[in-house]
Amino acid sequence: MAVEEKRAWIMIVVTVVSYAAYLALVLGRSGGGPLARQPYVAALLWTVGAAIAASVLLHITVALLSPEEGRTKDQRDREIHHFGDHIGQSFVVVGAVAALVLAMAGADRFWIANAVYLAFVLSALLASTAKIFAYRTGFQPW
């Protein structure tokens with residue numbers, strides 16, 4: 001398995017675990033009350049920060065444990081990386097539009113922040129899935 005494919009798997013696992021932890025924290029505090037009234041900022045910041053730290057540590061670990069020849073990126077790796085990132089960026093745009101619509105509708109900051117966070121999560125998942133799919137099924141640049 002290529003190092004870049006391993007990195008895509010790391011991104012999927014870290015993204016799913018950190019977002020699940022965030023949801024557990026926020027939904028666990030709700031106690032049947034309105035979600036928009038629950039404290040979410042600290043949970044969001046801590047889970048995002050922990051996800052970044054875990055991702056960095058896991059990427060370093062994979063790089064150190066990989067053989068020297070496996071650490072170099074070739075043209076195919078770069079094209080797959082760009083391909084996945086371009087696909088994943090669509091959810092960033094969707095999240096920005098959703099946040100804009102929510103702001104114009106006068107929605108609570110809780111919903112706007114969570115729409116943006118969900119868009120980033122979906123973007124990371126879609127980009128990583130596209131990269132893994134390209135590695136597994138073959139990649140034909142257009």
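Predicted model: local features only at pLDDT ≥ 70, side-chain atom pairs only at ≥ 80, totals over all residues.
1. Tyr19 and Tyr117 are both buried.

2. The rings of Tyr19 and Tyr117 form an edge-to-face aromatic pair, with 5.1 Å from centre to centre and 75 degrees between the planes. Tyr19 belongs to helix α1 and Tyr117 to helix α4, so the pair ties together parts of the chain that are 98 residues apart in sequence.

3. Tyr117 also pairs with Tyr22, again edge-to-face, at 5.0 Å centre to centre and 75 degrees between the planes. This pair links distant parts of the chain as well: Tyr22 is in helix α1 and Tyr117 in helix α4, 95 residues apart. Tyr22 is buried, as is Tyr117. Tyr19, Tyr22 and Tyr117 form one aromatic cluster. The structure holds 5 aromatic pairs.

4. Which residues make up the largest nonpolar core? There are 9 of them: Tyr19, Tyr22, Val26, Tyr40, Ala43, Leu44, Phe110, Tyr117 and Val121. Helices α1, α2 and α4 (109–137) each supply at least two residues of this core. A second, separate core has 5 residues, among them Val3, Ile10, Val14 and Ala51.

5. Leaving aside residues up to four places away in sequence, Tyr40 touches Tyr22, Val26, Arg109, Phe110, Ala113 and Asn114.

6. Is Gln38 buried or exposed? Gln38 has a relative accessible area of 13%. The cut-off for buried is under 20%, so Gln38 counts as buried. Gln38 sits in the loop between α1 (3–30) and α2 (41–65). Not counting residues up to four places away in sequence, Gln38 touches Arg29, Ser30, Gly33 and Phe110. Phe110 is also on the contact list of Tyr40.

7. As for the chain as a whole, there are 4 helices and 0 strands, in the order α-α-α-α along the sequence. The C-alpha trace spans about 55 × 35 × 20 Å along its principal axes. Of the contacts with a separation of 6 or more, 80% are between residues 24 or more positions apart.

8. Buried residues account for 32% of the 142 residues in the chain. The accessible surface comes to about 8,700 Å², and carbon and sulfur atoms contribute 71% of that surface.

How values were computed:
Residues numbered from 1 in each chain as written. Heavy atoms only, no water. Buried < 20%, exposed > 50% of the residue type's maximum accessible area, 1.4 Å probe, protein only. Contact = heavy atoms within 4.5 Å. Areas by Shrake-Rupley, 256 points an atom, 1.4 Å probe, with all protein chains shown as cover. Core = buried A, V, L, I, M, F, W, Y, C linked by side-chain atoms within 4.5 Å. Phe/Tyr/Trp six-rings, centres within 6.5 Å; stacked < 30°, edge-to-face > 60°.
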